[in-house]
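Here are some exercises to work through with the model open beside you. Try each task on your own, then follow the solution step by step.

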Amino acid sequence: MRKGQFMVYSQGAPKEEHDIINTDDYKLRLKKTWVEATSVWHIQIQSQSIFDNRFEMFLSHEELKAFKDAL
């Protein structure tokens, strides 16, 4: 059973994001946006608890597949 997924946001489409964890104590949100100008995915992972953390990366299709396979 899959507990999370990557959502796609592209130009002209409604903004999409996925709440992986959404409890009173902890939130983990993922956003995935295709950047047409550079042909890469902009991935944003935001963690909210006592401290807020944000991690961003820009990945090609192949790099994104390797990242997902590693998870």
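**Exercise 1. Find the residue in S2 that is the bridge partner of His 18.**

Step 1. Start with how to read the model. It is predicted, so local features need a pLDDT of at least 70 and side-chain atom pairs count only at pLDDT 80 or more, while totals for chains, interfaces and linings use all residues; pLDDT is the predictor's confidence in each residue, from 0 to 100. Residues are numbered from 1 along each chain as its sequence is written, and side-chain values use heavy atoms, with hydrogens and water left out.

Step 2. Locate the two strands: S1 covers residues 17-22 and S2 covers residues 27-35. Strands here are DSSP runs of E with at least two residues, helices are runs of H or I with at least four residues, and both are numbered from the N terminus.

Step 3. Look across from His 18, and you reach Leu 30 in S2.

Step 4. Now place this bridge in its setting. S1 and S2 run antiparallel and are joined by 5 bridges; two strands count as paired if DSSP finds at least two bridges between them. A hairpin with 4 residues leads from S1 to S2.

**Exercise 2. Continue from Leu 30 into S3: which residue is its bridge partner there?**

Step 1. Find S3, at residues 40-48.

Step 2. In S3, Leu 30 has Ile 45 as its bridge partner. Lys 31 likewise has a bridge partner in S3, namely Gln 44.

Step 3. Follow the chain through the hairpin of S2 and S3, which has 4 residues between the strands. In this turn, Ser 39 has a positive phi of about 55°.

**Exercise 3. Which salt bridges does Arg 29 form?**

Step 1. Recall the rule: a salt bridge is a side-chain nitrogen of Lys or Arg within 4 Å of a carboxyl oxygen of Asp or Glu. The whole structure holds 4 of them.

Step 2. One partner of Arg 29 is Glu 17, with the closest N and O atoms 2.9 Å apart. This pair links S2 to S1 across 12 residues.

Step 3. Another partner is Asp 19, at 2.7 Å from N to O. Arg 29 lies in S2 and Asp 19 in S1, so this pair ties together parts that are 10 residues apart in sequence.

Step 4. Check the accessibility. Arg 29 is partly exposed at 30% relative accessibility, Glu 17 is partly exposed at 29%, and Asp 19 is partly exposed at 33%. Buried means under 20% relative accessible area, exposed means over 50%, and partly exposed is in between (1.4 Å probe, protein chains only).

Step 5. Finish with the network: salt bridges link Glu 17, Asp 19, Arg 29 and Lys 31.

**Exercise 4. How many residues apart are Lys 65 and Asp 69 in helix H1?**

Step 1. Their side chains meet in a salt bridge of 2.8 Å, N to O.

Step 2. They are 4 residues apart in H1, which means a separation of about one helical turn.

Step 3. Asp 69 is exposed, with a relative accessible area of 54%.
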